[in-house]
Amino acid sequence: MIQWKERPVEVANLLNPAFCALLLRQAALGYQKQIEQGIDLPLLFLVLPLVLHKTTRESLPKTSVTRLHVWVQQHQEVRVGLTQRTNALQPYTRESIIYAMQRNALSITTEGGIIAPKMKKSNVDSLVDTEASQCLDKALFLGRWFASAGSTVSVMSMFGLRI
């Protein structure tokens with residue numbers, strides 16, 4: 001992984017560990033709101049490839065009424081390149097998880113799930129109607145959706161990925 005100081009400006013801005021940590025926190029929040037458990041670590045590695053990829057993010061449904069497996073079957077194009085994006089973003093996901101845990105934005109439960117502890121209200125609300133706010137909304141949605149989609153292995157296999 002390229003050191004922070006050596007990253008191209010575009011990469012440093014888009015894959016800023018603070019922003020990516022916030023996306024992962026939103027996914028963990030959505031997951032724990034849905035089933036009151038921590039999200040499994042492998043599912044966090046799906047958040048950035050699905051949310052930061054504009055075409056995929058914009059194709060996600062607006063509500064979780066649509067089942068994940070049905071949506072994936074109807075949007076097979078989402079699986080194209082997902083493995084490569086997931087692999088390419090793994091170092092950034094890891095970096096963001098570490099960043100979030102160092103700042104108590106994420107923590108690990110005794111069962112091994114990843115939760116988003118309560119924090120002071122942030123200024124995230126000031127991002128209304130920006131691409132960043134859309135990413136945050138979709139990350140929260142993905143967390144809820146993953147929670148209702150079945151096991152981690154099932155979710156990964158729906159996307160054609162292996163743990």
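Trainee: In which loop does Asn104 lie?

Mentor: This is a predicted model: local features need pLDDT of at least 70, side-chain atom pairs count only at pLDDT 80 or more, and totals for chains, interfaces and linings use all residues. Residues are numbered from 1 along each chain as its sequence is written, and side-chain values use heavy atoms, leaving out hydrogens and water. Helices (H or I, at least four residues) and strands (E, at least two) are DSSP runs, numbered from the N terminus. Asn104 lies in the loop between helix H6 (82–102) and strand E1 (107–108).

Trainee: Is Asn104 buried or exposed?

Mentor: Buried means under 20% relative accessible area, exposed over 50%, and partly exposed in between (1.4 Å probe, protein chains only). Asn104 has a relative accessible area of 54%, so the residue counts as exposed.

Trainee: Which loop holds Glu36?

Mentor: Glu36 also has a positive phi, near 55°. Its relative accessible area is 73%, so Glu36 is exposed. The loop runs between helix H2 (17–35) and helix H3 (41–51).

Trainee: How far apart are the end C-alpha atoms of H6?

Mentor: The expected span is 1.5 Å times one less than the number of residues. H6 has 21 residues, so it should span 30 Å. The computed distance agrees: 28 Å.

Trainee: Where in H6 does the kink lie?

Mentor: A bend is the angle between axes fitted to the seven residues ending at a residue and the seven starting there. In H6 the kink is about 45°. It comes shortly before the proline Pro91, at Gln90.

Trainee: Which residues touch the most other members of the largest nonpolar core?

Mentor: A nonpolar core is a set of buried Ala, Val, Leu, Ile, Met, Phe, Trp, Tyr and Cys residues joined through side-chain atoms within 4.5 Å. The largest has 49 residues. Those touching the most other members are Leu23, Leu46, Leu68, Phe146 and Phe159.

Trainee: What does Leu46 touch?

Mentor: Contact means heavy atoms within 4.5 Å. Residues up to four places away in sequence are not counted. That leaves Leu82, Thr86, Phe146, Val155, Met156, Phe159 and Leu161.

Trainee: How many disulfides does the structure hold?

Mentor: A disulfide is a pair of cysteine sulfur atoms within 2.5 Å. The structure has none; the cysteine sulfur nearest to that of Cys20 belongs to Cys135, 9.2 Å away. The number of disulfides is zero.
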